Amino acid sequence: VLSKASFYVAVAIVLLATTESHAGASVGPAQQVSVQPKAEASLDELKKLYQRPVTLNFPADNPYTPEKAALGKNLFFDSRLSGANLLSCSSCHNPAYSWSDGQPKGIGHGMNVLGRRSPSIIDAGYGAIFMWDGRAGSLEEQALGPIQASVEMNLPLETLIGRLKESKEYPALFDKAFPGEGIKPETIGKAIATYERLVVSSPAPFDHWIKGDERAISESAKRGFVLFNGKGRCNECHSEWRFTDDSFHDIGLPDGDIGRGKFLPDVIKAQHAFKTPGLRDIARRSAYMHDGSVRTLKAVVDHYNDGGVDRPSRADAVHPLGLSGQEKDDLVAFMETLSGSNSPTVVPQLPR
Amino acid sequence: MKYQILVAAAVGVLTGAGIALAADTTVHQKGKAFSQKEITLKKGDSLTFANDDTITHNALSRSAGNEFNIGAQAPGASTPVKFDTAGTVDVICAIHPQMRMKVTVE
């Protein structure tokens, strides 16, 4: 039996709890209802989800100019952007390898083998967040990261700026591209980003098919497209025309790299999660996965069919799929239709 | 015993009053997007995050004074978050960071 005094104490506690509460935000208990699975989209509806944009994508705070793009192209291919004068952006993002490097893992300063594969920069201009773990919020920011990283290009920006200022031709090119702004990290990043936004995949047989040319791809590839959007659940992450949701998922690879989890230690689904890579030109871009551990598209499909390591962080869409041999072949045939006929990239005569 | 009943009644009335006084608004997560880009609440209001997608989401904020992390939220789940500090709260989905919204707490 409570005394009268303890009754008033109890009321006071309740009053405090309901009126003052604790400062900040508090998460309450969840309610759960069942969600109906999405109605299956028709083939025509699916095709519409993958239509390519008709314009390039430049942000308001760094609009396109030909002078910026030309300067950015010079910088992109210039090995003076590395401490040892040996590596340029194009060393790891080489147009001959669909803007990656063909290696399982990137190779940086002093032949240092990096922890992750070099991602292709193809279509990066349409991206929302950059690097495998999303640590760069813009292409401008991303461009400056590897230059300075000791294991990658190993060049402090002040040293780079000194080199560019000493060059006979670069100061005038910066003046043209950024009148009155000079050579500084911001203008270097903006120039490289402007050039990178011109690196866009070419229309591929898949694009001709979704526009109505039934002969553009094989019947196997057409079945693969349906599997990609259905039984395979590939489209849950590899969505829209670049085949990426610019989001982070654990696909069950066994390596110890926690990826996005480094920045979000309290988010279960961020552990072992990496940004979904786009699939344009994918047949030309082995090795695969963030760790370069898978050599062929067939082996990629085998990995997803097996489901990888089952752990709390693993994406819901990744689980054993029960694909038949024919279905696996169809998925590979579909992915092979995503390579366009890229025209050769002309390497610039660099300023001296 | 009489007082226990009174306390229980007081708790019920007071917390019930708390719920009634504070607005409870719902923001939906569907098609990898929040249904509202901006929303204004009063201090003490709750905002319920409903996952209407067929994939897991994870609403989260690191805004000082209003940090919260819903955690992995399964399809069909609704989770209330109560905001007790005035200020601007930038909310993202930790899995799909292009999902962004702003909550202003007055």
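Helices and strands are DSSP runs, helices (H or I) of at least four residues and strands (E) of at least two, numbered from the N terminus. The model shown in every view is predicted.

**View 1. Lining of the largest cavity, with α11(A) as the main contributor.** The volume of this cavity is about 520 Å³. Its lining comprises 29 residues, and those nearest the centre are A:H238, A:I251, A:M289, A:V300 and A:Y304. Two or more lining residues come from each of β6 (274-275), α11 (297-306) and α12 (325-335) of chain A. Of these elements, α11(A) gives the most, with four residues. Sorted by class, the lining of the largest cavity holds 20 nonpolar, six polar and three charged residues.

**View 2. The second largest cavity, lined by 14 residues.** Nearest its centre lie A:H249, A:A315 and A:D316 from chain A, together with B:T56 and B:I95 from chain B. The lining of the second largest cavity consists of six nonpolar, four polar and four charged residues.

**View 3. A nonpolar surface patch formed by A:L56, A:Y64 and A:L198.** The patch covers about 250 Å². One of its members, A:L56, sits in the loop that connects α2 (43-48) and α3 (66-77) of chain A. A:L56 has a relative accessible area of 41% and is therefore classed as partly exposed, because that class spans the range between buried, under 20%, and exposed, over 50%.

Technical notes. Residues numbered from 1 in each chain as written. Chains lettered and ligands numbered in written order. Predicted model: local features only at pLDDT ≥ 70, side-chain atom pairs only at ≥ 80, totals over all residues. Heavy atoms only, no water. Patch = residues over 30% accessible without salt bridge, like charges linked within 9 Å, V, L, I, M, F, W, Y side chains within 5 Å. Areas by Shrake-Rupley, 256 points an atom, 1.4 Å probe, with all protein chains shown as cover. Salt bridge = Lys/Arg side-chain N within 4 Å of Asp/Glu carboxyl O. Buried < 20%, exposed > 50% of the residue type's maximum accessible area, 1.4 Å probe, protein only. 1 Å grid on protein atoms, 1.4 Å probe; cavity = no way out; pocket = protein on both sides within 12 Å on 5 of 7 lines; lining within 4 Å. Points joined across faces, edges and corners; volume = space filled by probe spheres on them. Nonpolar A, V, L, I, M, F, W, Y, C, P; charged D, E, K, R; others polar.
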